[in-house]
Amino acid sequence: ERLFGIEVTERCKVLRVIACELSRIASHLVWVGTTCIDIGAFTPFLWAFQQREYIYDLIERWVGARLTPTITRVGGLAADIPDGWMTDLRHFTKEFPKTVDEIDKMLTKNGIWVGRTIGLGVMTPEEATNWGLSGPMLRASGVAYDVRKDFPYYDYETYDFDVPVGTNGDVYDRYLVRMEELRQS
């Protein structure tokens, strides 16, 4: 769009940000949920995947696809949101933080979770950068880089959000970064 000098509407930009953030949430829920399974915590996996399923239902109602939503088109969107969609999105944004809080309560100070994640898979900021990591993997290693802040698109510079950064670069920090990003999104 920039290349062709196409300017999209504000509504389009906002809907694209909503789609991006829903995708970010769904991705983080997959990581948290499957990491829970790997470490032996089944209940938070169910909570995470229940919320992910709600997101997939929203996306499916919007564009017809669940796992590979092709919402963005050059100059606009594949489709506008259907009637009642914003009501369901508001319901999700009201209820979702409760699930994040429950996962937090269940895991963050849990001795088994902590014991199985702290010090595991440590990556220094230099290693993370040299290996080309991005997203929560990079940020958990102590690199405060988020393309939404450093090279904003869709008017991300107008949104108020923090970029969580880890200090140890281990699985526990990856978990903490993702949990905070779930809250931020």
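How are helix 2 and helix 3 oriented to each other? Roughly antiparallel. That label applies to angles over 145 degrees; under 35 is roughly parallel, 65 to 115 roughly perpendicular, and the rest oblique.

A quick note on the source. This is a predicted model, where local features need pLDDT of at least 70, side-chain atom pairs count only at pLDDT 80 or more, and totals for chains, interfaces and linings use all residues. Residues are numbered from 1 along each chain as its sequence is written, and side-chain values use heavy atoms, without hydrogens and water.

Now the helices. Two packed helices are described by the angle between their axes and the distance between the axes. Helix 2 covers residues 42-63, and helix 3 covers residues 85-107. Their axes come within 10 Å and cross at roughly 165°. The crossing is left-handed, meaning the near helix is turned anticlockwise from the far one by less than a right angle.

Who touches whom? Contact means heavy atoms within 4.5 Å. Helix 2 brings residues including W47, Y54 and W62. Helix 3 answers with residues including W85, F92 and F96. The contact residues divide into 14 nonpolar, 4 polar and 3 charged.

Next, the rings. The whole structure holds 11 aromatic pairs (ring centres within 6.5 Å). One of them is Y156 with F161, 6.1 Å centre to centre. Their planes stand 75° apart, so the pair is edge-to-face (over 60 degrees; under 30 is stacked, the rest tilted). Y156 is buried at 3% relative accessibility (the cut-off is under 20%). F161 is buried too, at 7%. Ring pairs also link Y153, Y154, Y156, Y159 and F161 into a cluster.

Methods. Axes are lines fitted to C-alpha atoms, for helices over the stretch in contact, and angles run from 0 to 180 degrees between N-to-C directions. Helices (H or I, at least four residues) and strands (E, at least two) are DSSP runs, numbered from the N terminus. Ala, Val, Leu, Ile, Met, Phe, Trp, Tyr, Cys and Pro count as nonpolar, Asp, Glu, Lys and Arg as charged, and the others, Gly among them, as polar. Rings of Phe, Tyr and Trp (its six-membered ring) pair if their centres lie within 6.5 Å; planes under 30 degrees apart count as stacked, over 60 as edge-to-face and the rest as tilted. Buried means under 20% relative accessible area, exposed over 50%, partly exposed in between (1.4 Å probe, protein chains only).
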